Amino acid sequence: MKNQECDKGCFCFFRTTLIAFFFLCPGVLFSQTDTVARHFSFTGYIEGYYSYDFADPSDKLKPPYFYSFNRHNEPNINLAMLKASYLTNKFRANAALMAGTYSQYNLAAEPELLRYLYELNVGVKLSRKDLWLDAGVMSSHIGFESAIGKDCWSLTRSIMAENSPYYETGVKLGYGSDNGKWYAAILFLAGWQRMKPVEGNSLPSFGTQLQYRPTDKIVFNSSSFIGTDKPDSARKMRYFHDLYGIFKLNAKLSLQAAFDVGAEQKEKNSSSYNFWYTWVAGMSYSWNRRLTSGLRLEYYQDKNAVIISTETGAPMAVYGASLNFDITVLKNLLWRIEGRLLNGKDDVFLEDGRAVNAN
């Protein structure tokens with residue numbers, strides 16, 4: 001059961017912060033000079049979608065480890081967001097509210113009032129160097145796919161992205177080198193994709209990130225997570241690492257590849273671990289200034305159901321391939337279509353009540 005006092009505390013904190021941000025900021029905007037006003041920006045974003053799953057699930061839901069674009073055979077909104085940002089040389093802040101099926105399903109474990117919160121954070125520059133301390137709800141430091149579809153090469157998210165954190169809550173100390181080639185961060189977190197920590201868990205989680213950009217066309221990234229997603233009474237330590245690279249080969253062709261591996265204790269204080277791993281390889285090709293296509297190959301294995309339990313109970317070991325075409329209709333309007341095939345080593349999908357190996 002939910003802790004009502006904690007929920008009320010969370011609500012009061014976020015309500016106060018949002019009121020301060022959204023209602024005090026306009027006062028500053030109109031009472032200060034145009035120079036101050038230029039530090040603010042306000043944006044909106046919306047993703048509408050229609051998706052058809054040939055397994056034709058009766059509950060209108062794709063397999064339970066998909067959280068984005070997961071409603072079957074009905075027009076829907078995946079993500080609708082309004083965001084306000086403030087940025088100066090020494091201070092930054094972001095606040096964003098959202099709605100849609102992404103927030104409905106991906107934030108189902110959060111208190112109901114927090115499921116509409118996409119982002120809420122503030123940051124302070126600690127020195128003349130590029131050293132920042134940020135705190136609040138932030139985008140995850142793990143992976144190259146985000147919840148915002150336009151920033152991803154494929155229409156849908158990979159199984160890898162869907163089952164690692166999209167967001168995180170905590171404090172981040174980040175440093176960028178003067179030449180822009182290196183970025184490093186350490187994080188103190190509330191948990192594995194958590195706004196409210198797991199009830200009964202007193203142990204914080206930790207994260208690291210190291211990114212290297214040898215040129216403006218190449219990115220290497222290493223991110224890690226150490227912590228637990230269980231209460232103290234059943235604590236299982238989790239160790240996770242994400243490694244990816246992005247390569248812009250020329251004006252038309254870009255490649256990306258990622259490999260994740262995780263381990264979690266089988267029991268509290270155990271020296272034995274359950275492992276899972278996954279990889280993704282993707283390509284983006286721009287035919288012209290309006291037409292782009294993306295190809296993705298992927299594999300996800302979690303035979304001990306640490307992160308993913310399949311609908312049939314068979315071990316999770318699934319290959320995937322997708323192909324999408326994107327047309328830029330207007331500067332701020334993108335139309336996308338994608339076909340996707342998933343194939344399991346075992347019968348991990350349901351179709352008309354039968355266990356099958358492909359979807």
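Which residues form one aromatic cluster? F40, F42, Y86 and F91 do.

This is a predicted model, in which local features need pLDDT of at least 70, side-chain atom pairs count only at pLDDT 80 or more, and totals for chains, interfaces and linings use all residues. Residues are numbered from 1 along each chain as its sequence is written, and side-chain values use heavy atoms, with hydrogens and water left out.

**Confidence and make-up**

The average pLDDT of the protein chain is 91. A score of at least 70 is reached by 90% of the residues. Here pLDDT is the predictor's confidence in each residue, from 0 to 100. Residues 1-31 have pLDDT below 50. Beyond near neighbours in sequence, this stretch still has 38 contacts in the model. A contact means heavy atoms within 4.5 Å.

The protein chain has four helices and 17 strands. These are DSSP runs numbered from the N terminus: helices are H or I, at least four residues, and strands are E, at least two. Of the 359 residues in the protein chain, 43% are buried. Buried means under 20% relative accessible area, exposed over 50%, and partly exposed in between (1.4 Å probe, protein chains only). Among contacts in the protein chain with a separation of 6 or more, 55% come from residues 24 or more positions apart.

**Strand pairing**

Strands pair if DSSP finds at least two bridges between them. Strand β3 pairs with both β2 and β4. The β2 and β3 strands are joined by a hairpin through three residues. K83 has A96 in β3 as its bridge partner. N94 stands opposite N121 in β4.

| Pair | Residues | Bridges | Direction |
|---|---|---|---|
| β2 and β3 | 76-87 and 91-99 | Eight | antiparallel |
| β3 and β4 | β4 is 117-125 | Seven | antiparallel |

**Aromatic rings**

The structure holds 19 aromatic pairs. Rings of Phe, Tyr and Trp (its six-membered ring) pair if their centres lie within 6.5 Å; planes under 30 degrees apart count as stacked, over 60 as edge-to-face and the rest as tilted.

Two arginines sit over tryptophan faces. R92 lies over W132, at 3.9 Å from the ring centre. R238 lies over W192, at 4.9 Å from the ring centre. A charge counts as over a ring if NZ of Lys or CZ of Arg is within 6 Å of the ring centre and within 35 degrees of the ring normal.

**Nonpolar cores**

A nonpolar core is a set of buried Ala, Val, Leu, Ile, Met, Phe, Trp, Tyr and Cys residues joined through side-chain atoms within 4.5 Å. The largest has 20 residues. Y65, I159, M316, V318 and F349 have the most contacts inside it. Strands β7 and β14 (316-330) are the elements that give two or more residues to this core. Another core lies apart from it, with 19 residues, including A95, L114, A161 and M195.

Which residues does Y65 touch, not counting those up to four places away in sequence? They are I159, E162, N163, I308, S309, M316 and F349.

**Positive phi**

Most residues other than glycine have a negative phi. K60 has a positive phi, near 70°. This residue lies in the loop between β1 (40-49) and β2. K60 counts as partly exposed because its relative accessibility is 28%.

Q193 also has a positive phi, near 55°. Its loop runs between β7 (182-189) and β8 (205-215). Q193 counts as buried because its relative accessibility is 15%.
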